[in-house]
Amino acid sequence: MNIQIFGTKKCNDTKKSERYFKERNIKYQFIDMKEKGLSQGELNSVKQAVGGIIAMIDENCKDKEAVSRIQYASHINKEKRVLEYPQLLKTPIVRNGKQATIGYKPEVWKEWD
């Protein structure tokens, strides 16, 4: 497995995700979304795995200005905004190659090889 966890250090679900993989001795890479967001390739891979950009956007984000800018944007502009403002994404984003989940989903991770 090649696990990547995209999240923030203060996010409880991100902490739970890290703990899940630590307890099972599964190596993972943690990427802090406050320091470094997703690349275009990573965004495309996750977007394809979870059902599109809309599923990735956190409507309850604390940055209300960024949320209001993205609500009425086209899909291409939404992707650009998400790359500029990674805080708009739900966390954690957990990737294993082409597979990905958003949020704490141990029932899905158990199925990954």
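**Note on the predicted model**

1. At 73% relative accessibility, Asn25 counts as exposed, because the cut-off for that class is over 50%. The residue sits in the loop that joins helix 1 to strand 2.

2. With 41% relative accessibility, Arg24 counts as partly exposed. The C-alpha atoms of Arg24 and Gly103 are separated by 18 Å, and the two residues are 79 apart along the chain.

3. The sheet is open and has 4 strands in the order 2-1-3-4, with mixed pairing. Its edges are strand 2 (28-32) and strand 4 (99-102), each of which pairs on one side only. On average, neighbouring strands are turned by 15° against each other, direction ignored.

4. Strand 1 (residues 3-7) pairs with strand 2 in the parallel sense, over 5 bridges. Within this pairing, Phe30 of strand 2 is the bridge partner of Ile5. Helix 1 (residues 12-23) packs on the sheet and touches strand 1, strand 2 and strand 3 (93-96). The direction of helix 1 makes about 160° with that of strand 1.

5. Helix 2 (residues 40-50) lies across strand 1, strand 3 and strand 4. Relative to strand 4, helix 2 runs at about 80°.

6. The peptide bond from Thr91 to Pro92 is cis, with omega near -5°. Most peptide bonds are trans. Pro92 is placed in the loop between helix 5 (75-84) and strand 3.

7. Which aromatic contacts does the structure hold? A search of the whole structure finds 5 aromatic pairs. In one of them, the rings of Tyr20 and Trp109 have their centres 5.2 Å apart and their planes at 55°, so the pair is tilted. This pair links distant parts of the chain, with Tyr20 in helix 1 and Trp109 in helix 6 (residues 106-109), 89 residues apart. Are these two residues buried or exposed? Tyr20 counts as buried at 6% relative accessibility, and Trp109 counts as buried at 2%.

8. Phe21 and Trp109 form another aromatic pair, also tilted, with 5.1 Å from centre to centre and 40° between the planes. Phe21 lies in helix 1 and Trp109 in helix 6, so the pair ties together parts that are 88 residues apart in sequence. Both Phe21 and Trp109 are buried.

9. Which residues make up the aromatic cluster? Tyr20, Phe21, Tyr28, Tyr104 and Trp109 form one cluster. One of these members, Tyr104, also meets a charge: the charged end of Lys16 sits over the Tyr104 ring, 4.6 Å from its centre.

Methods:
Residues are numbered from 1 along each chain as its sequence is written. This is a predicted model: local features need pLDDT of at least 70, side-chain atom pairs count only at pLDDT 80 or more; totals for chains, interfaces and linings use all residues. Side-chain values use heavy atoms; hydrogens and water are left out. Two strands pair if DSSP finds at least two bridges between them. Helices (H or I, at least four residues) and strands (E, at least two) are DSSP runs, numbered from the N terminus. Axes are lines fitted to C-alpha atoms, for helices over the stretch in contact, and angles run from 0 to 180 degrees between N-to-C directions. Contact means heavy atoms within 4.5 Å. Buried means under 20% relative accessible area, exposed over 50%, partly exposed in between (1.4 Å probe, protein chains only). Rings of Phe, Tyr and Trp (its six-membered ring) pair if their centres lie within 6.5 Å; planes under 30 degrees apart count as stacked, over 60 as edge-to-face and the rest as tilted. A charge sits over a ring if NZ of Lys or CZ of Arg is within 6 Å of the ring centre and within 35 degrees of the ring normal.
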